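Please examine the sequence and the structure below before reading on.

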Amino acid sequence: MPGNSLAESWSAAPVGRTAAPLREQVIAALRQAILDFKLVPGQRLVERELIESLGVSRTTVREALRELTSEGLVTVVPQRGAIVSAPSLDDAIDLYEVRASLESLMVQRFVERASDDQVAQLGRTVEQFAGVVESGAEVRDILAAKSEFYVVLIAGAATNAVQQLLEAIQARVQALRATSLAEPGRAHDVIGELRGIVEAVSARDAARASELMAAHVRTAAHTALSSLKDGIA
């Protein structure tokens, strides 16, 4: 449950033994814990517990929480303090529309610019994803496998502008992606959707690949938003 203490959900190692500034280490550790769902949406981030587990000062923890708040990963709630952000329904709708537009453009650029080797590599990531899904892996592992598809897609698309825009919203949509993939049967459906995208990419059909990518994101949106609506009802 989100109310659990940090010690029960996340075992953090003290920071400070690398060249990176303490503040950056704390930000990176908390960000990764949120993206890996070791710290879940709605969970309180108690300063005292963070100070004890990370072995840093109150000032460093507060600076890190301010940065993560600016990224949308943490929300400060009156009377409760800092919590891991949980997107509202309206935010989720907007985030998915933005993601659909950006990812369809990304795949279009991939078709135009990627080498044949990169196209083949994209196909391999889909089959690796399928293997993970069919093995009955946890949502966290399924998300990690799907992320490999995006690593290849971004590299082949070679568009810094779109990449930066996607990265700006990536952390905020991570919880929504997990909600969608956790729905029974959804991960198996994704296999077919990604295979269709790769087929269009292999045929160098940019319009079709772009259309299929937008449809993939909007199908994920429908699943995730339905779960959010159920939670609100």
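A residue is called buried when its relative accessible area is under 20%, exposed when that area is over 50%, and partly exposed in between. The model discussed here is predicted.

**Salt bridges**

Side chains of opposite charge can pair when their charged atoms come close. How many salt bridges does a search of the whole structure find? The search finds twelve. Three of these pairs are listed in the table, each with its computed distance from nitrogen to oxygen.

| Salt bridge | Distance, N to O |
|---|---|
| R23 and E24 | 2.6 Å |
| R58 and E47 | 2.8 Å |
| R62 and E47 | 2.9 Å |

The side chains of R58 and E47 meet in a salt bridge at 2.8 Å. Because R58 belongs to helix α4 (residues 58–70) and E47 to helix α3 (residues 47–54), this pair ties together parts that are eleven residues apart in sequence. R62, whose side chain is 2.9 Å from that of E47, N to O, forms a salt bridge with E47. Here too an α4 residue, R62, is joined to E47 of α3, so the pair ties together parts that are 15 residues apart in sequence.

Are these residues buried or exposed, or do they fall in between? R58 has a relative accessible area of 41%; this value lies between 20% and 50%, and R58 is therefore partly exposed. R62, at 40%, is also partly exposed, and E47 is partly exposed at 22%.

The salt bridge between R23 and E24 has a distance of 2.6 Å. R23 is partly exposed, with a relative accessible area of 28%, and E24 is partly exposed at 38%. Together with E67, R23 and E24 are linked in a network of salt bridges.

**Helix α7**

Which residues of α7 are buried? They are I142, L143, A145, K146, F149, Y150, V152, L153, G156 and A157. The residue that follows α7 is A158, and its phi is positive, near 50°.

Notes
Residues are numbered from 1 along each chain as its sequence is written. This is a predicted model: local features need pLDDT of at least 70, side-chain atom pairs count only at pLDDT 80 or more; totals for chains, interfaces and linings use all residues. Side-chain values use heavy atoms; hydrogens and water are left out. A salt bridge is a side-chain nitrogen of Lys or Arg within 4 Å of a carboxyl oxygen of Asp or Glu. Buried means under 20% relative accessible area, exposed over 50%, partly exposed in between (1.4 Å probe, protein chains only). Helices (H or I, at least four residues) and strands (E, at least two) are DSSP runs, numbered from the N terminus.
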